[in-house]
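Take a look at the structure below. This report walks through a few of its helices.

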Amino acid sequence: MPQLDFASMAILIAINLAAIGLALPWAMGSPVSPAARHVQRYFLLQALGWSLILVASRIRGTFWDPVLSLSATCAAAAAQWQMAQALQCWLGPRPLRWLVTGLAILGPLGFAWWLHDIPTRLAWYSLYHGTSVACLGWMCLHPLRPVARGWRYLMAACATTLSLGLLARAYLAYYTPWLREFAHDSAANYLFAILAQLCSSLALVSMLVAWRDETNQKLRDMALTDQLTGLANRHALLQTTPRMQSLAQRQHLPLAVVLLDLDHFKNVNDQYGHTTGDHALQLVAKVLHAEMRPNEMASRWGGEEFCLLLHADADGVQRFSAALLQRAQQELGFALHISAGCALQTDSDQNLDQLLQRADTALYQAKSQGRRRLVFGTVVERPQPPTALSPAQTPA
């Protein structure tokens, strides 16, 4: 029975990586997310790198040997960059992504510098590649958004193991006579091939779980998002309010619940059509995103009504109203006015229902008093006078 050599093992690894890269879109279904596309390119580039270096080892000493070897190095470096991009899509901005990018540039440059010194270039390749893989492992930790830990820890463990193998390979290539070529039949290369195959298989498992988590998160986001405006829906706001109330009490921040209603919105639909009406609602969402701070929340409460949770007072609502009126005139070609009712949280407020009830009563008062105004709901019997939107804030 013929003995399996390193070249045969490497060919099997290249075929396996190529098959994974080609099968991923089919397994994940359509549409494929940007992160999954980066992962697919990672596997295909790794397969290309293994294939090129094996071909180069078979034509050692010819013109194409250094060309193919350098191309293989570029493919491997590009694969690491693709994986860094995928991790950033899944986990948020990664501080080491720029280091991986720098290594993807410096690695092939150093390889080209030592192109005709095979042991040194192999040591350099293993050194920078191992450092890049270690960075990828570190990037799996400390996500900026809620992400499952299992696949991240598995990916980090694979990256750490492969990185140690590459660094050991760099030492052997430079300081010992045991490893002089990438495709040399030696125990060190056999162990590295087995390690690379094992880590690739476990990385595939990690990426499939990461893609599943991404899909589930998208479904959760869809369940909490208004599809027309992109704002949170009523259910999402009700889930977020207790956390914001607790934060306001701990840090002694003001908290206001504001109900906004577009005045005479039915006339907009009747006069300009429902498509223009939808554009008007989307414009309100754009203004909200632009005017509100990151720790505040806006939701579409229903129809043409919106609910805001603000760490602010009447000034913030008036600023929003002025911006809305101005942009409506510019982008829609007609004026868009609002009525608003606001309830400020007090020590006696135990839940959102009390705030919403006062804000809803204040909104009703704003409408009954002529619209285009802001009214504050209070917990005392004597109502606070309404604060009309100043003409200076309203474009003609």
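## Starting point: alanine 56

In which helix does alanine 56 lie? Alanine 56 belongs to helix α2. Helices here are DSSP runs (H or I, at least four residues), and strands are E runs of at least two, numbered from the N terminus.

This is a predicted model: local features need pLDDT of at least 70, side-chain atom pairs count only at pLDDT 80 or more, and totals for chains, interfaces and linings use all residues. Residues are numbered from 1 along each chain as its sequence is written, and side-chain values use heavy atoms, with hydrogens and water left out.

Alanine 56 is buried, with a relative accessible area of 0%. Buried means under 20%, exposed over 50%, and partly exposed in between (1.4 Å probe, protein chains only). Beyond neighbours within four places in sequence, alanine 56 contacts Asp65, Leu68 and Ser69. Contact means heavy atoms within 4.5 Å.

## Helix α12

Helix α12 covers residues 352-368. Its 17 residues should span 24 Å at 1.5 Å a residue, and its end C-alpha atoms are 24 Å apart, which agrees. The expected span is 1.5 Å times one less than the number of residues.

Among its buried residues are Leu352, Leu355 and Arg358. The buried residues of α12 fall within an arc of 165° seen down the axis, so they line one face. That arc uses the directions from the helix axis to the C-beta atoms. The face turned away carries exposed Asp353, Gln357, Tyr364 and Ser368. The cover over the buried residues of α12 includes α8 and β1.
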